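Thanks for coming. I will take one model today and go through its fold and a few of its side chains. Please have a look at it first.

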Amino acid sequence: MPQAPLIATLVAGLGLAFILGTLANRLRLSPLVGYLVAGVLIGPFTPGFVADQALARQLAELGVILLMFGIGLHFSLNDLLSVRKIAIPGAVGQMALVTMLGLLVTQAIGWPIGAGVVFGLALSVASTVVVLRALQEMRQLETDGGRIAVGWLVVEDLAMILTLVLLPAFAGVLGGNVNGANLNGANLNGNDLFTLFEPQTIWSALGLTLGKLAAFFAIMVVVGRRVIPPILHYVAHTGSRELFRLAVLAIALGVAFGAAELFGVSFALGAFFAGMILAESQLSQRAAQETLPLRDAFAVLFFVSVGMLFNPMILVEQPLLVGMTFLIIVIGNATAASAIALMFGYPSYVALTLGLSLAQIGEFSFILAGLGVDLALLPEAGRDLVLAGAILSILVNPLLFAALDRLTPWLKARERTIATQEGRAETPELAATSLTDHAVLVGHGRVGSLVAETLQKARLPYLVIEERQVIIEQLRARGVDVIVGNAAQPGLLDAANVASARWLISAIPNPFESGNLIEQAHAINPRLEIIARAHSDAEVDYLKKFGADLIIMGEREIARGISDHILSRIDAPAAPVADQSQNARQVDSKPMAG
């Protein structure tokens, strides 16, 4: 082992991940494949250099914290509450169904019931990191399926915290070893603010855990809203980008660590709620950008650390069980989650997005499997199967999302055809607008809401097409003309009176949905000026093909704005030094656009 294990682990992990990730990308595979293989190569089950597993896991935890903090910055409390009706019963139902599947498999091979329960639960909890990375890469985070998936993950995290508390208490009943078991198991260190109130029964352990969760949420909502945003605003007005970046990292890591140490909440959940509180601040966009480089680097180390746990020999020794475990994780979770979403009346493409998001397992599964082995509930072979299933499911997940991306337009068209054949048109919501020479704004998210503000200030007539009920209610309360639904569904563009409109503004992030919308609108009104957003040159070319007149790409507009400002200053008289300093401070204190 080198004298500097931390540096050696970082160099070996990031260096090998870069090489193999680049190779995987060259072979048209997800870079995640390269990161996982890098972990296998520096793990204890392959010859050569062996990195420090404990250090790798802690470094990976930093990536989880920063990733969840970043997601929280783009997710409001209203977004979380808006999906509670499906996320709570859906997550519980999906976990129960997959746990039953795992129990059936273990009963067939002769394992005791306790082992089956732990094994099944470990296969039912999706990896937060994998889900969020996939949703971000496919730009599905702001869609219905993405919002439901995030809410679903929060419920699963809470359920696992309760499981880690109650499992030691039930170990004796399930046939395990209760010696040294701590009822207060949610905090793996067993050292939090409530240690003095050590529970003596199962019910007191459950009550204490629920009390700690309630205390944490109350503090974050009541105190966090009054403390975190003002701190960042103060630091932003100092004009120091270095201090601002340091403040963001200190808040993200500090809240996550405090949540785990004081309240027994997972690092990921603590960081998510810290980000969600900060999302209400105008500085949330800038905070997200400042944490992005570290977030990506440490998220890579998460996948490397997962690869280090994998023993490739399990594929040779237990191929049938590995295959069954993989099928339960991928097919079982995806089918259960998709079926529940369909039962709640969601379209097939939303249900599939949700199902594929949850078709893998990760960090909580490893913790639960390790605890099961420690309590003599789960044999070590069970932990190896969980790890093998996790690796394989993470490898195949990007491929499933790529297939979904190609399948989504067909699914949406099929939904519209079926709705038309069955006469399920939402006629009360499709009453035609009386507006003419107006702007039709599709999507009222981060980009759409800023456009709407501009239209409002300019007193230009406009209407919004939106699917999210929370936003719809807010807009209607302000007297904004809103049409509910997906812009591509039959009759909706007619109801928006696109034939007499002046502009169509597509502010939705999905290029396929936007392309379909532009094509339909251009056919209805060839004189319509169509403006759309894009994230890459490929998306710009794609949307141009369907008839968009102006396509805005964030990076280009930032560069153009900076360039225009410099050019406008060439012939202008120099401003006083004090005024220039003040302007610099004002610009630095605002969130960056894009």
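Some bookkeeping. This is a predicted model, in which local features need pLDDT of at least 70 and side-chain atom pairs count only at pLDDT 80 or more, while totals for chains, interfaces and linings use all residues. Residues are numbered from 1 along each chain as its sequence is written, and side-chain values use heavy atoms, with hydrogens and water left out.

Now the overall picture. The chain has 24 helices and six strands. Of its 594 residues, 50% are buried, where buried means under 20% relative accessible area, exposed means over 50%, and partly exposed is in between, with a 1.4 Å probe and protein chains only. A contact means heavy atoms within 4.5 Å. Among contacts with a separation of 6 or more, 74% are between residues 24 or more positions apart.

Six strands form an open sheet in the order 3-2-1-4-5-6, with parallel pairing; two strands pair if DSSP finds at least two bridges between them. The twist from one strand to the next averages 20 degrees. Helix 23 (residues 554-570) packs on the sheet and touches strand 5 (529-534) and strand 6, its direction making about 85 degrees with that of strand 6. For these angles, axes are lines fitted to C-alpha atoms, for helices over the stretch in contact, and the range is 0 to 180 degrees between N-to-C directions.

What happens around strand 2 (residues 462-466)? Five of its five residues are buried. Tyr462, Val464 and Glu466 are on one side, Leu463 and Ile465 on the other. Strand 2 is joined to strand 1 (residues 439-442) by four bridges, running parallel, and Leu463 is the bridge partner of Val440. Towards strand 3 (residues 481-484) there are also four bridges in the parallel sense, and there Leu463 stands opposite Asp481. Strand 1, helix 18 (residues 446-457) and strand 2 make a right-handed β-α-β unit; right-handed means that, with the strands pointing away from the viewer, the path from the first strand over the helix to the second runs clockwise.

Last, the aromatics. How many aromatic pairs does a search of the whole structure find? It finds three. Rings of Phe, Tyr and Trp (its six-membered ring) pair if their centres lie within 6.5 Å; planes under 30 degrees apart are stacked, over 60 edge-to-face, the rest tilted. Phe216 and Phe217 have ring centres 5.7 Å apart and planes at 55 degrees, so this pair is tilted. Phe216 is buried at 3% relative accessibility, and Phe217 is partly exposed at 23%. Tyr542 and Phe546 form an edge-to-face pair, 5.0 Å centre to centre with 65 degrees between the planes.

Back to Phe546. Leaving out residues up to four places away in sequence, Phe546 touches Gly515, Ile518, Glu519 and His522. Phe546 and Ile518 are 28 residues apart in sequence and 6.2 Å apart C-alpha to C-alpha.

Terms used:
Helices (H or I, at least four residues) and strands (E, at least two) are DSSP runs, numbered from the N terminus.
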